[in-house]
Amino acid sequence: MSFWEIARKYILVHKCGCCRQILDRDHFDDALCPKCRILWNKSLVESCKKCLRPAIECECMPGAMAGEGALCLRRLFFYESEATYSPSMSIIFMLKHKNIRRITDFAARQLLPSIKEALSALDFEDNREAFFVCSVPRGRTKIREYGFDHGVLLASRIAQLLEVEYVKAFSSTFFSTEQKALDRKGRFKNAQKRIRFCDEAEVKGRYAILFDDIVTTGASMSACVRLLRKAGAKGVLCFSLASSKKDIR
Ligand SMILES: [Zn+2]
Ligand SMILES: [Zn+2]
């Protein structure tokens, strides 16, 4: 065992991404302790009130996204509000506030099966260059506050695992309001003002794998889908960690 392997195993401390309990050596590389993992797994199979399928298999999406021509929306779990305490929401909180590679990797790997499943219908394996990953941009004030865009980190990891290119397709304009602070109508208006397409992004004739951490009204995702389609993307497949139950059509 090398020095670093010993240090990793015996000196470094890894905590559960949810309850912050110190992980024992058997679970050292996990993002969650066994107890939180059980709750996490439970949230993945909570059923959709519309299609009755488990969250990770549900393909329902907000009407606005369907209206812009999104090919699908897949998520890991549903949520009611950010105030609800659960391992799934805790992981999102961790991703937003701390740049921990182990947690980013965990979230990316959790999303991977449904992404691969959605891509399998599009001849993905033989045609990887026709696909790229991109993400809904985080607000500029938040990037400045935390020093990173967690969506970029997670989407880049997904791209790496899929062996496709990550494309910086969007940026946030200055002085934008946080989506969370607005009502439904305000969110759609703000999203269109807030998100800018990066003209040098090569999206024409390719399929976009678009990622956002949380989808509520679908305003930000819809704005991105519209910009991608306008720039000539062949199709846009959307993925998120969580989505609200309320806006599903
Ligand atoms: Zn835990
Ligand atoms: Zn559904």
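**Zinc sites, a buried aspartate and salt bridges**

Guide: Start with the zinc ion (ligand 2): along the chain its donors are spaced C-x2-C-x6-C-x1-C. This is a predicted model, in which local features need pLDDT of at least 70 and side-chain atom pairs pLDDT 80 or more, while totals for chains, interfaces and linings use all residues. Residues are numbered from 1 along each chain as its sequence is written, chains are lettered from A and ligands numbered from 1 in the order written, and side-chain values use heavy atoms, without hydrogens or water.

Visitor: Which residues coordinate the zinc ion (ligand 2)?
Guide: C48, C51, C58 and C60, each through SG, at 2.3 to 2.4 Å. A donor is an N, O or S atom within 2.8 Å of the metal (3.2 Å for Na, K and Ca); water is not among the atoms, so a site may look incomplete. The distances of 2.3 to 2.4 Å fall within that limit, so these SG atoms count as donors.

Visitor: What makes the arrangement around the zinc ion (ligand 2) tetrahedral?
Guide: The angles. Four donors are tetrahedral if all angles lie between 85 and 135 degrees; four are square planar and six octahedral if opposite donors are over 155 degrees apart and all others between 65 and 115; anything else is irregular. Here the four donor atoms subtend 103 to 114°, so the arrangement is tetrahedral.

Visitor: Where in sequence do the donor residues of the zinc ion (ligand 1) fall?
Guide: Their spacing is C-x2-C-x13-C-x2-C. The SG atoms of C16, C19, C33 and C36 coordinate this ion at 2.2 to 2.4 Å.

Visitor: Why is the site of the zinc ion (ligand 1) called tetrahedral?
Guide: Its four donor atoms make angles of 101 to 114°. Those values sit inside the tetrahedral range, so the name applies.

Visitor: Is C16 buried or exposed?
Guide: Buried means under 20% relative accessible area, exposed over 50%, and partly exposed in between (1.4 Å probe, protein chains only). C16 has 0%, so C16 is buried. C19 has 34% and therefore counts as partly exposed.

Visitor: How do you know that C48 is buried?
Guide: Its relative accessible area is 2%, so C48 is buried. C51, at 26%, is partly exposed.

Visitor: Why is D149 called buried?
Guide: Because its relative accessible area is 11%. D149 sits in the loop between α6 (140-146) and α7 (150-162). Helices (H or I, at least four residues) and strands (E, at least two) are DSSP runs, numbered from the N terminus.

Visitor: How do you know that D149 has no salt bridge?
Guide: A salt bridge needs a side-chain nitrogen of Lys or Arg within 4 Å of a carboxyl oxygen of Asp or Glu. For D149, the nearest side chain of opposite charge is R138, 5.6 Å away. Lys and Arg count as positive, Asp and Glu as negative; His and the chain ends are not counted.

Visitor: What lies around D149?
Guide: Beyond its neighbours within four places in sequence, D149 is in contact (heavy atoms within 4.5 Å) with V136, P137, R138 and I143. A polar atom of its side chain lies 3.0 Å from the backbone nitrogen of R138. The backbone nitrogen of G151 lies 2.8 Å from a polar atom of the D149 side chain.

Visitor: How many salt bridges does a search of the whole structure find?
Guide: Nine. One of them joins R74 and E117, at 3.6 Å from N to O. R74 is in strand β1 (residues 72-79) and E117 in helix α5 (residues 101-120), 43 residues apart. R74 is buried at 2% relative accessibility, whereas E117 is partly exposed at 49%.

Visitor: What makes D105 and R157 a salt bridge?
Guide: Their closest N and O atoms are 2.7 Å apart. That is inside the limit, so the pair counts. D105 is in helix α5 and R157 in helix α7, 52 residues apart.

Visitor: Why is E125 called exposed?
Guide: Because its relative accessibility is 51%. Its salt-bridge partner R128 is partly exposed at 21%.

Note on methods:
Polar contact = N/O pair within 3.5 Å; in protein donor to acceptor, adjacent residues only side chain to side chain.
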